[in-house]
Amino acid sequence: MNVLKFGGTSIGNEDSIRKAADIIAKSTECTVVVFSAISGVTNQLVKIAEMASQGDTAYIKLLDKVLVQHQNLYNDLVQKAPDASFFEIAEEFKKVCNGVELIKELTPRSLDYILSVGERFSSLIIYEFFKANKEDVSLFDSRSIFVTDDSFGSANINFKETNHHIKQASASFTRINIFPGFIAATKNKVTTTLGRGGSDYTAAILASCLKVKQFEIWTDVDGLMTADPRIVKNAHHIDHVSYEEALELSHFGAKVIYPPSIQPALEKKIPITIKNTFNPDHKGTLISTEWDHDKQLIRGISSIKSISLITLSGSSMLGVPKFSYRLFRSLSLVEINIILIIQSSSEHSISVAIDTKDGSKALKALKREFHELIESKKLNPIEIEDELSIIALVGSNMRNQVGVSGQMFNVLGKNGVSIKAIAQGSSERNISAVIMRKDLDKALNVLHEDFFQSVTKRINLFIIGTGNVGKAFIEQLVQQFLFLKKHYQLNVKIIGLANSRLMHFAKDGTPLSNWESALSKGKPFTKKAFLEHMYAMNLRNSIFIDITAAEDIASTYPEILKKSISVVTPNKIAATGPQENYQELKNLSKKYGSKFLFETNVCAGLPVISTLNDLIRSGDQVHQIDAVLSGTLVFLFNEYNGSIKFVDVIKKAKELGYTEPDPRLDLFGADVKRKILILIRESGYTCNYEDIELHSFLPESCLHSNSLEDFYQKVEKEEAHFKSLYQEAQKKSARLKVVATYKNDKGSVKLEPIDSSHPFYNLEGKDNIVLFYTNRYKEQPMVIKGAGAGAEVTASGIFADVLRIAQSDI
């Protein structure tokens, strides 16, 4: 014998009922079937009752609509007009509603009768449908089987009498036996209802009493999911959970089952299967006494969206045995359910989480209970905090497993999710945390990605700057997108994109193939609007990428890091500002779990800063740095041989894209000065921009120009100076290089003749080179050499920083 229960969504219309009937008809064993009311009907019945109690005669129109809905369904399924039993229910329904209207009072008893109509109609219609199809079917009135007390709205079952009636009824069972769910009656035959999850409860009691081998709950989903699929797109189906895991998941928001309703089946250790009426071939979720020891640590992540946290604190609580009793009693008397309890070991404070809708009622009850203690200052004013949610990790395999809570808090912290309170039961099957409601979606997604390793991790990018480097970066992302997804489970999305004129946002990501078109249709760009939109989206694993040279964009980094959003940038302004500003960015990165990475500030895509960081982290110490840090200047002095003018070499470099749009930025040496400053600071030393000596190779006249053209003219006039520099180097068989140095606590930048034995001598094209002399690399320095300029290599360095952040927890 099997027991099947079908929820309202499973019988919401004619097509759904036919699907449910096909599932039932396939069973070859004696089958007991419990039906809920048709989807949406119970809510309509509540509204009808409330309108009638207020004397609002418009309830009659809604009542007729409900009757017509069921009558049409009867006609479509049974292919004939309803019989007398249908109209008997309809007439009783009208009379009770009319009585409620006349006395303008809705008692719990009257409401229970009105609500019973939904299950009675649905069960009768489906019974008649089976009869019309010549099935061996019986219909039982649950009110003559299930005996309760008179706690209307949530009546308590008398199991002794109910079990007796079930056994009596089973003697006359046919192949299909239908019971309306949710409804029962007192010993005096007064209709009652079983409260939330009542139809599941009806089915579970039948399964328990009849000792069936299989209990199936049919709904509109494939079973329990690892998280709410409406919030977590990567949530997936759970094959099997233990009873305890199912109860924990259900308590914290999983709506497929209601914990008390399956208790009778749990006590008899009857396996429960959650199945999908609209996908009957799916195996669903099995709930049993056993759990899978060899499977994932976490079975699922559940949540409650709207809760309030009430906190009582004060010296009078310390060592007072009945304080908690008074708290819980006062809330119980006003029928408020406590979802979570948190008490400090000092006994100085206790907090309870409740449904937000009960907040004002709870506060009023507690103020009344503890009025004297508050007045005498022995208890602090009661605090209530709204706009909160609860998230819960659930899994039996968490028991005795070290580090689960640490992993949970770490990943939440790195994404800027503040934890208000935590709780873990001694069973170790559940770790719960109270967080801000605005962070719920982000928290669920980031926890799901972290604990379910097979899930792809989504990285959300917000980019300002779509010039040569920005375009190259996006192109590299296009090329690597599938590779990253397949081999590293990384789904990198561009959520926000802006240039100096326009900005575009897409919550699910901008299509990489036509990002330029999407941006061209965007809204006008302002820094303020871009940041506000990014913050409002509050997405997990967010990275802000500044591909500009703008000081006002760099000034936003502290604010962004405080939002636990990582920053990646080739913009050198932030890292070369005052030492205290640089240090603040480093400190904010640590404090808020975000990253501040700027690999491309020095030598574009060469791994200079990351290598230096590894040296320092491993305990090494840098004593000296020698470097050629400008690919532009390498090109200029490699190309210049005295036969063509130095100004023409500069113009050629600009045409090839080797210089900034204004080559003066390269030639004045300020850029090299900034780069060596960054290396000094990343080596662990305090240094400011003005501490570094800059020996310009340009004549004084060239350092002051009104325009680029004016600069070119002055360089041309000073051709003899540049030719002299070249010739002096040639006499020494040397080559000219602009060298940045840090030694003996001093930094400098100057043009030097380099002999053929030095590593700098053979630099070609746009090559950069850095020599690190450290405790470990004393005689032979660590050498990093390669192309240090160009859009593609700079973009690759940005890409590398993004991947460092994305993979930091993998």
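Predicted model: local features only at pLDDT ≥ 70, side-chain atom pairs only at ≥ 80, totals over all residues.
Reader: Why is C97 called buried, and what is C30 called?

Author: Buried means under 20% relative accessible area, exposed means over 50%, and partly exposed lies in between (1.4 Å probe, protein chains only). C97 has a relative accessible area of 0%, and is therefore buried, whereas C30, at 22%, counts as partly exposed.

Reader: What makes S610 buried or exposed, and which residues does S610 touch?

Author: The relative accessible area of S610 is 14%, so S610 is buried. S610 is found in helix α21, residues 608–617, where helices (H or I, at least four residues) and strands (E, at least two) are DSSP runs numbered from the N terminus. Leaving aside residues up to four places away in sequence, S610 touches E599 and R804, contact being heavy atoms within 4.5 Å.

Reader: How do you know on which side of α11 the buried residues lie?

Author: The buried residues of helix α11 (residues 359–369) are G359, A362, L363, A365 and L366. They cover an arc of only 165 degrees around the axis, which puts them on the same side of α11; the arc is that of the directions from the helix axis to the C-beta atoms. The exposed residues S360, K364 and R368 are carried on the face of α11 turned away from its buried side. The buried residues of α11 pack against β11 (300–313), α10 (323–333), β13 (349–355) and β14 (383–394).

Reader: What makes a set of residues a nonpolar core, and how many residues has the largest?

Author: A nonpolar core is a set of buried Ala, Val, Leu, Ile, Met, Phe, Trp, Tyr and Cys residues joined through side-chain atoms within 4.5 Å. The largest has 78 residues, and F772 is one of those with the most contacts inside it. Helix α25 (residues 670–682) gives the most to this core, with six residues. A second, separate core of 49 residues includes I24, Y59, F121 and I183.

Key:
Residues numbered from 1 in each chain as written. Heavy atoms only, no water.
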